[in-house]
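The structure is shown first.

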Amino acid sequence: MVLPSHVSQKKRDMGHPATICEQDIDYYPYGGQENDYCSATSVPQSYKFNGKERDAESGLDNFGARYDASSLGRFMTPDWSAAPLTVPGASLDDPQSLNLYSYVGNNPLTYIDPDGHCWKLFGWACNTYQRFANWADGEGFRTNKQIDNTSAKNDPRSQRRRLQEIKGTVSSQLDRTLHGGNALGPGGRDEIRAFCGGNPVCYDIHSHFGWVGAFGNDRWATFAGTYLYEKVGPNGEHLKYGITDHPETRYTAKEMNGGRLKILAEGERGKMLELERSLHETMPIGPEEGQSGYIDIQVEKGYAPPPYDVSPE
Amino acid sequence: MQYQLVVQFQANSREDFDRLVGFEQSLTKSLSGSAMVDGHDFGSGEFNIFVLTDSPSSTFERVRKEFAGRGEREDMRAAYRELGGEDYIILWPPGLKEFSVS
């Protein structure tokens with residue numbers, strides 16, 4: 001039996017004889033591992049902080065809707081909702097809720113997040129909130145999970161939710177592939193400022209992806225490969241794909257217009273071109289790409305979502 | 001390289017993508033030494049080829065000749081800016097008042 005933990009509590013597997021210590025771990029409030037009392041006799045067990053599955057390769061915790069990086073104390077992707085909302089799940093009387101990347105509103109000693117969407121004092125509060133919200137939305141008095149489980153495969157709402165989930169997961173995986181669970185160390189943002197001078201685009205790229213933390217200035221200066229990127233608008237909407245050797249100077253701040261570059265892969269130019277072509281294969285290309293919810297609109301028209309399997313081998 | 005030259009085309013299909021990537025690759029060969037083709041972006045109805053150069057006007061002349069030699073429709077726009085700068089100086093077509101990258 002796994003005893004689910006909140007924070008800084010022990011989780012013990014009692015499904016084995018008492019002589020076997022399978023897992024007994026203390027966590028820091030944001031999920032970092034403090035003490036592992038069973039490290040010597042440990043049986044492989046991937047369910048860790050808050051009972052969520054931790055990816056051994058990236059160290060990210062799967063909260064269902066999103067992946068959380070305990071090393072950063074934040075989610076890897078912003079919160080989202082099936083319905084088009086400017087700031088999903090936010091409440092203007094709680095400024096912490098406006099940060100869509102934050103984990104439980106930066107108050108992990110008090111709150112839990114059962115599914116990556118909703119942080120409340122108790123899990124049932126989240127479910128109750130979801131039930132009322134879905135009821136008001138004409139979906140019946142059901143939780144999001146119940147809707148997903150009972151909706152027909154062709155139900156547009158269920159499809160949209162699933163697509164958003166895939167997109168969130170893929171973004172995490174791609175970021176992880178390139179930047180390996182990096183974290184900006186103490187003073188990391190000052191390093192970025194010094195490195196980028198007054199270039200806001202350079203600063204934006206580095207602070208999003210942590211290249212300084214991952215590669216160091218030398219790594220950035222000496223990497224001689226090509227980057228495949230996605231340019232997204234201020235609301236995360238897809239705008240275009242591109243390849244470059246110098247992402248830090250590719251666009252002006254005005255052209256970024258509050259959006260950002262998501263680095264999808266890096267490597268030899270021919271390979272990056274091949275990956276980019278595969279991304280263009282399943283979606284129409286045109287001026288409508290800048291529309292909010294472009295991918296959702298195309299899926300509703302019957303187009304398959306992008307393949308997303310662009311991680312370099 | 002001090003300047004970024006942007007060569008822009010309208011593009012809305014896979015065929016446009018393959019055609020313009022082919023053009024970009026031919027530019028990479030023909031400009032080698034004097035300028036560096038840094039890549040492209042594709043989406044939102046346009047295809048941009050980005051070239052880093054110290055002499056944008058003469059580099060663009062070579063780009064234009066290369067493009068004309070392919071016998072394709074000339075829907076090309078071009079402008080350059082200082083690396084790190086915000087404002088474009090328009091090179092082509094004559095009379096174009098505004099240039100932007102989406």
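## Basis

The model is predicted, and its local features are reported where pLDDT is at least 70. Side-chain atom pairs count only at pLDDT 80 or more, while totals for interfaces use all residues.

## Contact between chains A and B

On the chain B side, 20 residues are in contact with 25 residues of chain A. Two elements of chain B, α1 (14-31) and β2 (35-43), each supply at least two residues of the side that touches chain A. The largest share, six residues, comes from β2(B). By residue class, the side of chain B that touches chain A holds six nonpolar, ten polar and four charged residues.

## Strand pairing across the chains

β2(B) is also joined to a strand of chain A: four bridges link it to β8 (residues 238-244) of chain A, and the two strands run antiparallel. Within this pairing, His40(B) in β2(B) has Ile243(A) opposite.

## The site around Arg54(A)

Arg54(A) lies in strand β3 (residues 53-54) of chain A. Arg54(A) counts as buried because 21 other C-beta atoms lie within 10 Å, and the cut-off for buried is 20 or more.

Beyond its neighbours within four places in sequence, Arg54(A) is in contact with Ser46(A), Lys48(A), Phe49(A), Gly59(A) and Asp61(A). For Asp68(A), 14 residues away from Arg54(A) in sequence, the C-alpha to C-alpha distance to Arg54(A) is 9.2 Å.

Definitions and conventions:
Residues numbered from 1 in each chain as written. Chains lettered and ligands numbered in written order. Contact = placed C-beta atoms within 7 Å. Nonpolar A, V, L, I, M, F, W, Y, C, P; charged D, E, K, R; others polar. Pairing = 2+ DSSP bridges. Buried ≥ 20, exposed ≤ 12 C-beta atoms within 10 Å, placed from the backbone.
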